[in-house]
Amino acid sequence: MNEQALQTLKTYFGYDSFRPGQERMVGAILAGRDALGIMPTGAGKSICYQIPALMLPGITFVVSPLVSLMGDQVRALKAAGARPSYLNSTLTLAQQNTVLKRAEEGWYQIMYVAPERLADPRFLAFAQRAAGEGGIGVPLVAVDEAHCVSQWGQDFRPAYLQIASFIEALPKRPVVAAFTATATERVRRDIVAMLGLEAPEAVVTGFDRANLSWSVEELGDKAKARWITEYVVAHAQESGIIYCATRKAVDALSAELGLALMPHGIGVGRYHAGMAAQARQESQAAFIEDRLPVMVATNAFGMGIDKPNVRYVIHNNVPESIEAYYQEAGRAGRDGDPASCYLLWNGNDFRTRRFLIDRDPEDDELDEEQREQARMNRYRLLRQMEGYCQTTGCLRNYILRYFGEEPAGPCGSCGNCDREFEEVDMTAQAKWMINCVAELRGRYGKAILFGTLQGANRARLRELGAERFKSYGRMKDTPRETLERLLAQLLGDGYLVQSDDQYAVLHIGDIAPLKAGGQVLVKLPPQREPEQARAPKPKRRSPMDALTSAGLELFNQLRQLRFDTAQREGLPPYVVFGDKSLVDMCLRAPRRAEDMLGIYGMGERKFAKYGKQFFAAIEDYRREHPEAEFTDA
Ligand code: ADP
Ligand code: ZN
């Protein structure tokens, strides 16, 4: 690897090595090649374009749809000693003028812009001068969340279509690098075509986040709130996010949690788009600054929240897709230390989701056909989410397969790998279910199928003449949950197939009829009463576990120092130092100031700025506790 790139990584960010995907992306960009990075949230995309931006002369443009992310990234880059900027509508016109002026003077190495900005004549003129003869130079255009360019994705942003013409309008073509966490091949192809990437180096890093553990719990609405309260109390030392599907749910749950947690001295934050901008900002700041450990929020929260020490993410409701889920849950454990992701669900969640899809506000940017297309996509994505809730197989593997990977074997650490399922022979019932689908002539979805099998007395079934079917009422006593599991199994085995549209019509699959002597085994969760669904007690190792008791004491002192420093500078604590850096300081407790440079995440700028102070605190502690041991040797 390019020595200079490694040096830049160390100097600015204090990391000793690139992650594998980063190395290839940085290498390609520095060699002047276009690049396409397909990486999950938390894999470290930003480093891939930041390192070249810091090394190459001129200004790198980063196109990002996430306005809130820009401020965050710029703060972090500044703290690392770089010269970043952003240009978006949160700046006043006067501020925008200043930014453009300083940019013309060649002050910035990197500039974050929203896609709409590219069409602004003033910005375009600036970019053309910069990339032109005698200009400051534009070595790289990086496109974040590149799937927004595709209508097949879930976040189509028409403004992304302008990126290609913007690049074409530059007198000298910069290297173009695109980044996405998207799963589908079709969207990936769209990105290459619509952004006009030229023979890009494609880097697909594994989607597995080994430090995250996955669990799914089916719980009633009341039981969910109880479960969450218990969990939060048991993990009072940790920072966590609880996602709800609607603003109303956020308000209700945060109020309930707030009351329940008050006696334990745990504060609860709240965040959704219906709150006043200032209240929202305060809430977010309190969470980021470790003043409020728990945040209850809609998915409006978290875009660009790069808080590394989020130890758990609980979904109180089902998200719209596996991609959305992976992104939201992926905000846990960015620091690479163990973290937990729980999805709590019940049938209401899916009803709410379908309602949201059907009611989706008219999006003026899309025409009729595009809207219908988008709706179909959403139904398909939601069904895959349903599969995640229903599966009895390894949850990590379900996600990895969704992202196109073929995992080696069960992970052994997710909720399903941990749970003992009962394997039941349901061959006889399977035959009835298949028969029923045949009798329904492949025209109906599972609501009618289950109704028929259970012999429900519904007008709709009478209209169909379902009462005359042989399969009618054959599974009268089988609970809905079991029917769901059996259906999932038959779909998985290929005996049945389901159409891709919103109706999810069921047909007989290619391998039907059930072969003579064939067996259908269905895994059922162990029977339990709802009250028995208890939140798991802490079993995950926390990074602080490695510390001795002296180390832990020192850690708490350094944490306070970090908090004070951050407050003074108006920064989130993690921008000063991550938990991991503090833990490293408390494990090594350096005796010489220059040894602080070897601490994880200690770049030169941070060493110059904070190194002395933190070293002094360690020295003081050593002086006051001459016997203190920092390793269990
Ligand atoms: P993404 O944008 O892909 O979601 P980020 O770029 O925000 O991810 O990086 C996720 C976390 O990983 C950040 O806290 C970042 O500082 C850290 N990180 C990135 N690259 C490295 C590396 N080479 N070594 C150690 N930590 C890294
Ligand atoms: Zn597993």
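Predicted model: local features only at pLDDT ≥ 70, side-chain atom pairs only at ≥ 80, totals over all residues.
Start with the metal. Select the zinc ion (ligand 2) together with Cys394, Cys411, Cys414 and Cys417: the SG atoms of these cysteines coordinate the ion at 2.3 to 2.4 Å. Along the chain, the donors follow the spacing C-x16-C-x2-C-x2-C. Now colour two of them by accessibility. Cys411 has 25% relative accessibility and Cys417 has 29%. Buried would require under 20% and exposed over 50%, so both count as partly exposed.

Next, centre on ligand 1. There are 16 residues around it, and those that come nearest are Tyr15, Gln22, Gly42, Ser46 and Arg334.

- from a nitrogen atom of ligand 1 to a polar backbone atom of Ser17, 2.9 Å;
- from a nitrogen atom of ligand 1 to a polar side-chain atom of Gln22, 2.8 Å;
- from an oxygen atom of ligand 1 to a side-chain N or O atom of Arg334, 2.8 Å.

Select Met111, Phe123, Trp214 and Tyr388, the residues with the most contacts inside the largest nonpolar core, which has 106 residues. Stay on Phe123 and show its contacts beyond four places in sequence: they include Phe61, Leu87, Leu100, Met111 and Phe166. Apart from this core lies another, of 34 residues, with Cys48, Leu54, Ala80 and Val203 among them.

How values were computed
Residues numbered from 1 in each chain as written. Chains lettered and ligands numbered in written order. Heavy atoms only, no water. Core = buried A, V, L, I, M, F, W, Y, C linked by side-chain atoms within 4.5 Å. Buried < 20%, exposed > 50% of the residue type's maximum accessible area, 1.4 Å probe, protein only. Contact = heavy atoms within 4.5 Å. Donors = N, O, S within 2.8 Å, 3.2 Å for Na, K, Ca; no water. Near = heavy atom within 4 Å. Polar contact = N/O pair within 3.5 Å; in protein donor to acceptor, adjacent residues only side chain to side chain.
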